Amino acid sequence: MRYKPPIGHGSPPLQKAKGEAQAVEIRRLSKPFWVTVIISAVSLMAFVSFLSWMLDRHSIRSSEDIFTATLGDRADHLADITLEYGYWNDAVDNLVETLDLTWVREIFVDYMQEELQIEGIHLFDGNNQPKVHVVEGKIADVDLRSRYGPSMSVLIADARNTPKDEAPVPATGLVGTLEKLYLASAVLLTSYKEDNDTSTDHVLVFARPVNALLLAEMAEKYHLPGLGLSGFPPAFWQAGFDVETVDRRHLGFFVWNPELAGFRILPLLAIGVLVVYLGMFFSARTFFHRAAETVRALAQAKHQAEKVKDLLANQVRSDPLTGLGNRRLLDEKLALLQDVKPLADGHALLYVDLDRFKDINDTYGHETGDVVLLYVAEALTGLANVDDTVVRLGGDEFVIVFGRARRERVLSTSRAIVEQLSRPVNLDGATYTFGASVGVAFSEKPSELLRKADVALYSAKRRGRAQVAVYSADLLDFRNVPIQSAAQPS
């Protein structure tokens, strides 16, 4: 038998076959990777293209907003000038009552053309017949229809809509044709005195040309390159604005070539795609790690902010000494009761004012007075139900707004307040005696409760204090207030 060498690592044919197999395996395993790379690269390029397109759209929209604001400002400026001359006694005297051409030349001819770039000034009488024209710095006859088209009559009609004998409101808009376009403003000539205005039947019109010179000035000043008029809509990379006259006729478009941010940075973005992709994994890993920390920090900050917000809201609506609600909370509670259907007796509120509290402050000091107020706040809270609102208005005045309580409970609570606060109380080892008077009000209108309870409280004070008084219309006449005990409220 012929000898065959053993097949092992040292066999060149075997090593070659194994190397080829490994190469095939590597190529096989690398195919999905390269597919992923290609898909990622295409996706990134698509994203870059989309981002560039979005930036360009934003640039176009921003440029259109700038042009809209600019055209609006020029229209407002022209309207202001028109109103300045139309709402002027001298203009009425020299244009309506008598037509003084010398005055027209002095006021309109030179100044309007050179300083304000107003090319056309036209005066129309009550029959819409032209009375005088100033065109390009000269008094001359003008064919208005060939110059401005049918839009001028609509503009004049709009100006005549000013209410009679009131300050005039200029009518402003575009008139003319695409070849001869004007921004015009018309106003009803009106005179004024110290206490009244007087409308005339004459209309004054100022027209400023929207020509190549004006468009070039706007283009340079507001970065609107290539601004011009066109009968065709703007191309994909251009910005545009509809040219529409005051009579709703569409003439064409203002068109210009805005600076496109996306187009400028597209080459840089394309070059950066490879760099971005190579650093994608590590950047994403770092990003998500930091994003998680940021989210946790934001969540904690939000939680703290909500706590501070709740704390501030409570402080705004609470009395700092007693912790009860304050006047702001009372107003909010009464406002909420507007939408609550009352019981048969209506909504209820009682007004408490301490008797002889000033004597405690004067005798023992304000610190002792604060201790007494805390005791009163606790006592009132203990006598109120969970749906009642206890409020300290200030000083020694307290209010209880009842949720849904019948008359019997409100009166029994009032008597209990007078009885409890009239008993001597031991605070910090000392005994103090004061008292309380209570005014009670029932009403279907929550906005009237506090006022009526205040009237009742005043009545209780006049009876000798330590009393409960219920509001009635008779209490408004304080000369006839009967005296009753606290145990039997009126």
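# Notebook: rings, a helix face and a proline

**Entry 1: aromatic pairs.** I started by looking up the ring pairs, and the structure holds 13 aromatic pairs. A reminder to myself: this is a predicted model.

I picked W88 and W103 to begin with. I then checked where the two partners sit. W88 is in the loop between helix 1 and helix 2 (89-97), while W103 belongs to helix 3 (residues 101-115). The pair therefore links distant parts of the chain, 15 residues apart.

W103 has 10%, so I wrote it down as buried, because the cut-off for buried is under 20%.

Next I turned to Y364 and Y432. The centres of these rings are 5.0 Å apart and the planes stand at 85°, so this pair is edge-to-face. Y364 lies in helix 10 (residues 357-364) and Y432 in strand 14 (residues 430-432). The pair ties together parts that are 68 residues apart in sequence. Y364 is partly exposed at 47% relative accessibility, whereas Y432 is buried at 9%.

**Entry 2: around P424.** With a relative accessible area of 54%, P424 is exposed, because the cut-off for exposed is over 50%. What does P424 touch, leaving out residues up to four places away in sequence? I listed T431, Y432 and T433. I also looked up the distance to G435, eleven residues along the chain from P424: their C-alpha atoms are separated by 8.8 Å.

**Entry 3: the two sides of helix 6.** Helix 6 covers residues 212-221, and I noted L214, L215, M218 and A219 as buried there. Why do I put these four on the same side of helix 6? They cover an arc of only 135° around the axis, which places them together on one side. The face turned away from this buried side carries the exposed residues A212, L213, E220 and K221. Just after helix 6, H223 takes a positive phi of about 55°.

**Entry 4: a nonpolar patch.** I then went looking on the surface and found a nonpolar patch formed by F50, W53, M54, F236 and W237. Together they have about 570 Å² of accessible area. I followed up one of them, W53, which is placed in helix 1 (residues 12-86). At 36% relative accessibility, W53 counts as partly exposed.

**Entry 5: the protein as a whole.** Last, I stepped back for the totals. I noted 13 helices and 16 strands. Of the 490 residues in the protein, 39% are buried. Among contacts with a separation of 6 or more, 62% come from residues 24 or more positions apart. The accessible surface comes to about 28,600 Å², and 57% of that surface belongs to carbon and sulfur atoms.

Technical notes:
Residues are numbered from 1 along each chain as its sequence is written. This is a predicted model: local features need pLDDT of at least 70, side-chain atom pairs count only at pLDDT 80 or more; totals for chains, interfaces and linings use all residues. Side-chain values use heavy atoms; hydrogens and water are left out. Buried means under 20% relative accessible area, exposed over 50%, partly exposed in between (1.4 Å probe, protein chains only). Contact means heavy atoms within 4.5 Å. The arc is that of the directions from the helix axis to the C-beta atoms. Patches are made of residues with over 30% relative accessible area and no salt bridge: like charges are joined within 9 Å, nonpolar side chains (Val, Leu, Ile, Met, Phe, Trp, Tyr) within 5 Å. Accessible areas come from the Shrake-Rupley method with a 1.4 Å probe; for residues, only the protein chains shown count as cover. A salt bridge is a side-chain nitrogen of Lys or Arg within 4 Å of a carboxyl oxygen of Asp or Glu. Rings of Phe, Tyr and Trp (its six-membered ring) pair if their centres lie within 6.5 Å; planes under 30 degrees apart count as stacked, over 60 as edge-to-face and the rest as tilted.
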